[in-house]
Amino acid sequence: DPFFLDKCVVSTDPDSEETFEITEIYKDPYILKGEDPSDTSRWLSLLQGLSRDLGNWRKRRNALANIMIHMKTQGSGGLMRLKKKSSRTKSTSSVENIELREMALDAVSWNKDEVHFIQMGKLQVVQCGDTWARKTKVCSVHALLLVLGQMPNLQALEEKRQPSGDKPVKGGALVLIRDKGAGRFTTLRDPFFLDKCVVSTDPDSEETFEITEIYKDPYILKGEDPSDTSRWLSLLQGLSRDLGNWRKRRNALANIMIHMVSRT
């Protein structure tokens, strides 16, 4: 089928100037190469320019998600929702924290002795898909970010720099859990395993960010305040970038295959 550029992302491989990648949303990516470097560059410039100009649907979708989250937070009609006083504290109790951690460990099926929890808190979540605006509601969830193996340098991740001399972690995952009330919890979806995820921001909004597991619908997330959102974003981006070496290996293999075909 044709690549409709309003639904495509065109990107370069930082390790190779000979090829570029085009990905239609929710479909497998293709790696392309021109007849020579200048031809490749010309194709890349044209396709990137067109896909960027036609991609305003993503901005509209993210803007609508921001409105939905704001209405969820403030109450319908933009008015502050009044809640009855409750004897139950808003903060998550230590007993609930233990239960949430146990649920997260069960969800990822990792060796408990090698797991570190590096961030826990609340997030507002909107799932995006072909019919998301009609069917999807904003959810408030418990979010748990955990890693397998070596505890990462959190300061380096938050400052968006490469940790020096640190042993790489074996895995990272984000688990989202819904509170059903009366002390009952359920996972919102399967864990986001960060070696298979892309975490990105909307340049027109600092209030939210997006996480996409490869070949699945993206989710738009928002923290409890701007600094909380920024911390979640930095940690998730850092871990997904460090764990995502499989993309480099995949692109390197594609370059080898193209080179072999061009020489035959």
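In the predicted model, a salt bridge joins Lys 112 to Glu 102, with 3.6 Å between the closest N and O atoms. Because Lys 112 is placed in the loop between helix H3 (94–108) and strand S4 (115–127), whereas Glu 102 belongs to helix H3, this pair ties together parts that are 10 residues apart in sequence. Both partners are partly exposed, Lys 112 with a relative accessible area of 49% and Glu 102 with one of 34%.

The count of salt bridges comes to seven, and among them is the contact between the side chains of Lys 33 and Glu 18, at 3.8 Å from N to O. This pair links distant parts of the chain, 15 residues apart, with Lys 33 in the loop between strand S3 (29–32) and helix H1 (37–54) and Glu 18 in strand S2 (residues 16–24). Lys 33 is partly exposed at 35% relative accessibility, and Glu 18 likewise counts as partly exposed, at 44%.

A further salt bridge is formed by Lys 216 with Glu 213, for which the closest N and O atoms lie 3.9 Å apart. Here Lys 216 counts as partly exposed at 38% relative accessibility, while Glu 213 counts as buried at 10%. Through salt bridges that share partners, Arg 189, Glu 213 and Lys 216 are joined into one network.

As to disulfides, the structure holds zero. Cys 139 is buried, its relative accessible area being 15%, and Cys 197 is also buried, with a relative accessible area of 1%.

Conventions. Residues are numbered from 1 along each chain as its sequence is written. This is a predicted model: local features need pLDDT of at least 70, side-chain atom pairs count only at pLDDT 80 or more; totals for chains, interfaces and linings use all residues. Side-chain values use heavy atoms; hydrogens and water are left out. A disulfide is a pair of cysteine sulfur atoms within 2.5 Å. Buried means under 20% relative accessible area, exposed over 50%, partly exposed in between (1.4 Å probe, protein chains only). A salt bridge is a side-chain nitrogen of Lys or Arg within 4 Å of a carboxyl oxygen of Asp or Glu. Helices (H or I, at least four residues) and strands (E, at least two) are DSSP runs, numbered from the N terminus.
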